[in-house]
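Hello,

Please read them with the structure open beside you.

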Amino acid sequence: VWVPEIASEELLRCVHTEEYLNSFINGRINEQEQRRTGFPWSKGLVRRCRYETGGTLLAAEVALHRGLACSTAGGTHHAFPSFGSGFCLLNDLAVAAKYLISSSPGRKVLIVDLDVHQGDGTAFIFKEEPCVFTFSVHCGKNFPLRKQQSDLDVSVEDGLEDEEYLSTVEAHLPSVLEIFRPDVVLYDAGVDPHWEDELGRLRLTDQGLYRRDLYVMKTVVSRGVPVATVIGGGYSRDIDKLALRHSIVHRAATQVWRECGM
Ligand SMILES: [Zn+2]
């Protein structure tokens, strides 16, 4: 177990505007902006988001050395450079991807975003960046209303169940890996496609999420590409149940680690 460092302002500036960082860190975001993020501002919130971003960065670095690493937070893909949105204040995936491409010129990063919502902030941030490929599978009728354009968007219908969902992922991931040939993958394993999720609209089971995570990690790792995972979204009033659901990716990772002799 590694403990992350807090993400510095300098690091965050690779994605976020100076103005936004100043107002977010110092608590100068107004009521309307706070409503858009879904969270009332507090110093604790700032600390949490900065550590979360540090955690995603650390997972990416550990993955580069060990082949597979999982953060216990992250996946705040709705955050844009100059504003927060949909429970996302800082875009940890974008910060980690920017860091990865700037620390090694020519390195290519694939973001696999299987949270039930489209990763609109991430898609926007990398729309002109050829070294980062954004791949999102999401429920078309779900938030955000106005989608951005990822490098590959797969929009699915409400009520999708395990088998159809898994075959959708299986139909696209291998060709994305084949064509883009990433050097590292960031995987957003959001659990909000779960049937019991309060915001999801899809009908995946625990087993379906487990099979999905296992498939993604095995498919990437078996090609010799390192993968770092983040937990993404998940919404339930029962926090114990939700925490257990978020741990599916870690349990699947343990199986990959064992089976792939890592
Ligand atoms: Zn989500």
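F135 is found in strand β3. This is a predicted model, and that applies to everything below. F135 counts as buried because its relative accessibility is 1%, and the cut-off for buried is under 20%. Leaving aside neighbours within four places in sequence, F135 is in contact with L110, I111, V112, D113, L152, V154, H172 and L173. One of these contacts, L152, is 17 residues away from F135 along the chain, yet the two C-alpha atoms are separated by 4.8 Å.

Strand β3 runs parallel to β4, and five bridges join the two. Within this pair, H138 stands opposite S155 of β4.

Six strands make up an open sheet with parallel pairing, and their order is β1-β6-β5-β2-β3-β4. At the edges are β1 (68-70) and β4, each of which pairs on one side only. From one strand to the next, the twist averages 10°.

Helix α5 (residues 92-103) lies across β2 (109-113), β3, β5 and β6 (227-230), and it runs at about 175° to β5. Helix α8 packs on the sheet as well, where it touches β1, β5 and β6; the direction of α8 makes about 175° with that of β5.

Next, the backbone in the loops. The peptide bond from F143 to P144 is cis, with omega near -5°. P144 is in the loop that lies between β3 (132-139) and β4 (152-156), the two strands joined by five bridges.

Two residues other than glycine have a positive phi. For R181, phi is near 50°. R181 is in the loop between α7 (162-180) and β5 (184-188). Is R181 buried or exposed? R181 counts as exposed because its relative accessibility is 52%, and the cut-off for exposed is over 50%. For R201, which is not a glycine either, phi is positive at about 80°. R201 is placed in the loop between β5 and α8 (206-221). With 43% relative accessibility, R201 counts as partly exposed.

Last, the cysteines. How many disulfides does the count come to? The count comes to zero. In general, a disulfide is a covalent bond between the sulfur atoms of two cysteines. The rule used here asks for a pair of cysteine sulfur atoms within 2.5 Å. C14 is in no disulfide, and the nearest cysteine sulfur to it, that of C131, is 14 Å away. C49 is in no disulfide either; here the nearest cysteine sulfur belongs to C88, at 8.8 Å. Accessibility for these two residues is as follows: C14 counts as partly exposed, at 30% relative accessibility, whereas C49 counts as buried, at 5%.

Regards

How values were computed: Residues numbered from 1 in each chain as written. Predicted model: local features only at pLDDT ≥ 70, side-chain atom pairs only at ≥ 80, totals over all residues. Heavy atoms only, no water. Helix = DSSP H or I, 4+ residues; strand = E, 2+ residues; numbered from the N terminus. Buried < 20%, exposed > 50% of the residue type's maximum accessible area, 1.4 Å probe, protein only. Pairing = 2+ DSSP bridges. Axes fitted to C-alpha atoms, helices over the stretch in contact; angles between N-to-C directions. Contact = heavy atoms within 4.5 Å.
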